[in-house]
Amino acid sequence: MKTFCFKLYKSEHNAKLHKQINAAGLTYNHCIALHNRYYKFFGKFLNQNKLKKHLTKLKKISKFSYLLEYGSQAVQDVAERINRAFELFFGNVKRKVHCSPPKFKKVRRYKSFTLKRAGWKLDEDNRTLKINGQSYKYFQSRRISGKVKTVTIKRDSLGDIYIYFVTDAKKIEVETRTGQSVGFDFGLKTFLTASDGKDITSPLFFASNSKAIAKASRELSRKSNGSNNRRRARLKLARLHKKAANRRRDFHFKLAQKLCLEYDTICLENLSVKAMQRLHGKKISDLAFGNFVKILKYEARKFGTLIVEVERFFASSQLCSYCGEKNLQVKDLNVREWKCPKCGAEHDRDRNAAINILREGLGQRPLQETP
């Protein structure tokens, strides 16, 4: 399966799509209310087949005419989304994982609906998409490969609408491999410290634009609720956030492709991003280690690169990469350079960790010799 994302041209017809997304939001909130009421009376969540039949009956009532706005299969997909969310919630409860059940959403903040076999049609040149009888043009930045299975219409905080085509494309582009392996240690000052010395720094996209974001936030706070000035100020702030997110995502994709072309095996540490956020705050969110790892795994499948994740509790920083001696004093994050008390090897904290991650990922032992 492969997903293609394209942006719709701005048009007055897009108002119809916004209305349909709002209708999906109303359906979502109504289904959440039904689930909550059903659980209150019977102590279990509502079966999705019963919910779908109930929604079909509601279409005959004028009060629920919004269910006719965006197609029957899209209505059923909303019920399936909620069913998956409740299954995940009750599964987490059984596993004793702290979480909250699905909640109501503001209709204007509801994002998308999905069409499956009906309700959409592509023209011959794949440049115009017809959704529920209305034609829309989109920026076709690349050719769609495979047979389209589902079409998702999604809007962002700026009001721009994107089309997501999920296809059955199975062809994997495997490039020529170099046979090289590398271990990477994530850091705050250096984005990736490499075992072979080819470190990678990451520009802090949010921090570099923080003054403009702070100014836009102050301007938004001074506007009256419900006014047009507040709406314009909100869009201005959303554009700044979106610009930073797009730049970060572009950097992550280009870096992932570069690494997959350069290395055959990449060893990483399986980090707890939430724990790092509690320690270091916004900087971890700005670096977005978790998103980068997801993108790297996605690109690795295309290029045939092997991604090995080392257990997060592996003491990569404390072990000497030459003799394997464990130095507990290195637990202090302020210790950036240290000397092994056993073999006398001098280490840079992050470089030593990257080498240990590589050896652990490949199943190798330390050198067992004095450098």
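Mentor: Let us begin with the residue classes: Ala, Val, Leu, Ile, Met, Phe, Trp, Tyr, Cys and Pro count as nonpolar, Asp, Glu, Lys and Arg as charged, and the others, Gly among them, as polar. With these classes, the lining of the largest pocket divides into 17 nonpolar, twelve polar and 21 charged residues. This is a predicted model, in which local features need pLDDT of at least 70 and side-chain atom pairs count only at pLDDT 80 or more, while totals for chains, interfaces and linings use all residues. Residues are numbered from 1 along each chain as its sequence is written, and side-chain values use heavy atoms, with hydrogens and water left out.

Trainee: How is a pocket found, and which residues lie nearest the centre of the largest pocket?

Mentor: Rolling a probe the size of a water molecule over the atoms shows where empty space is left. On a 1 Å grid over the protein atoms alone, a cavity is a set of points where a 1.4 Å probe fits but cannot get out, whereas a pocket is an open set with protein on both sides within 12 Å along at least five of seven lines, and lining residues have an atom within 4 Å of a point. Grid points are joined across faces, edges and corners, and a volume is the space filled by probe spheres set on the points. Here the largest pocket holds about 2,000 Å³ of space; it is lined by 50 residues, of which Lys154, Asp156, Tyr162, Tyr164 and Lys242 lie nearest its centre.

Trainee: Which element gives the largest share of that lining?

Mentor: Elements are DSSP runs numbered from the N terminus, with helices (H or I) of at least four residues and strands (E) of at least two. The chain has ten helices and 13 strands. The largest share of the lining of the largest pocket, 16 residues, comes from H6.

Trainee: What does the second largest pocket look like in the same terms?

Mentor: About 1,100 Å³ of space lies in the second largest pocket, and among its 30 lining residues Phe186, Met276, Ser317, Leu333 and Arg349 lie nearest its centre. Two or more residues each are given to this lining by strand E8 (181–186), helix H7 (273–280) and helix H10 (349–362), and H7 gives the most, with four residues. By class, the lining of the second largest pocket has eleven nonpolar, ten polar and nine charged residues.

Trainee: How should I read burial, and how much of the chain counts as buried?

Mentor: A residue is buried under 20% relative accessible area, exposed over 50% and partly exposed in between (1.4 Å probe, protein chains only). Of the 371 residues of the chain, 40% count as buried. Asn356, found in helix H10, counts as buried because its relative accessibility is 6%. Contact means heavy atoms within 4.5 Å, and Asn356 touches Phe314, Ser316, Leu319, Cys320 and Ser321, not counting residues up to four places away in sequence.

Trainee: Is Arg143 buried or exposed?

Mentor: Arg143, placed in the loop between strand E5 (134–137) and E6, counts as exposed because its relative accessibility is 73%. Tyr298 in helix H9 is partly exposed, with a relative accessible area of 30%; leaving aside its neighbours within four places in sequence, Tyr298 is in contact with Lys2 and Phe253.

Trainee: What is a nonpolar core, and which members touch the most others in the largest nonpolar core?

Mentor: In soluble globular proteins, nonpolar side chains tend to be buried together. A nonpolar core is a set of buried Ala, Val, Leu, Ile, Met, Phe, Trp, Tyr and Cys residues joined through side-chain atoms within 4.5 Å. The largest nonpolar core has 42 residues, of which Leu129, Ile153 and Phe165 touch the most other members. The largest share of this core, nine residues, comes from H1. Apart from it lies another core of 28 residues, including Phe205, Ile284, Val293 and Phe303.
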